[in-house]
Amino acid sequence: MTMLGGRLIQEHQALDTLFEEIANRVHCGDTAALDESWTALESRLLAHFDYEESHLLPRFESVDPAEALRIREEHKLVRRALQDTGVAIELHTVREQNVEEFLTLLRAHAAREEKLLYPWSSAADAATRAPGTVER
Ligand SMILES: [Fe+2]
Ligand SMILES: [Fe+2]
């Protein structure tokens, strides 16, 4: 898959890498470094969700409303988990298990999008390009 869907998958991979870093920092108890990578994850993940919600889902809703709704609901769940984990990190009460649960939730969400939403986004993106335009 190239184009938009491919770029979004790369973004999922970057978020995953950041999350692995967070898991390692929780494991080591490195609170200053943890705060730093948590802040980075938070802003990047929220920006990613905002992009999906404002640019992809409104168009995808007319193609597959049930799947679009499911994705929006998962975003709500992930946002709540992000908030709860952020508070636990701030209070220095975060446990490795919290982080693992969050990571599992996030990975399942990413896998769901990569199955339907992202392949559709690449096709829709290609369809809106002018004929003869070549992606490089
Ligand atoms: Fe998403
Ligand atoms: Fe995504």
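A: A crossing is called left-handed if the near helix is turned anticlockwise from the far one by less than a right angle, and right-handed if clockwise. Helices (H or I, at least four residues) and strands (E, at least two) are DSSP runs, numbered from the N terminus. In this structure, α3 passes α4 in a left-handed crossing, and the crossing of α1 and α2 is left-handed. This is a predicted model, in which local features need pLDDT of at least 70 and side-chain atom pairs count only at pLDDT 80 or more, while totals for chains, interfaces and linings use all residues. Residues are numbered from 1 along each chain as its sequence is written, and chains are lettered from A and ligands numbered from 1 in the order in which they are written.

Q: What does pLDDT say about the chain?

A: pLDDT is the predictor's confidence in each residue, from 0 to 100. The chain averages 92, with 93% of the residues scoring at least 70; confidence is lowest in helix α5 (residues 117–128), at a mean of 88, and highest in α3, at 97.

Q: How many helices and strands are there in the chain?

A: The chain has five helices and zero strands, and its pattern along the sequence is α-α-α-α-α.

Q: At what angle do helix α1 and helix α2 pack?

A: Two packed helices are described by the angle between their axes and the distance between the axes. Axes are lines fitted to C-alpha atoms, for helices over the stretch in contact, and angles run from 0 to 180 degrees between N-to-C directions. Helix α1 (residues 3–28) and helix α2 (residues 31–60) pack at about 155°, with their axes 9 Å apart. That makes α1 roughly antiparallel to α2 (under 35 degrees counts as roughly parallel, over 145 as roughly antiparallel, 65 to 115 as roughly perpendicular and the rest as oblique).

Q: Which residues in α3 and α4 meet?

A: Two residues are in contact if their C-beta atoms, placed from the backbone, lie within 7 Å. Ile-71, Leu-77 and Val-78 are among the residues in α3 that meet residues in α4, including Val-99, Phe-102 and Leu-105. The residues of this contact of α3 with α4 divide into nine nonpolar, three polar and two charged (Ala, Val, Leu, Ile, Met, Phe, Trp, Tyr, Cys and Pro count as nonpolar, Asp, Glu, Lys and Arg as charged, and the others, Gly among them, as polar).
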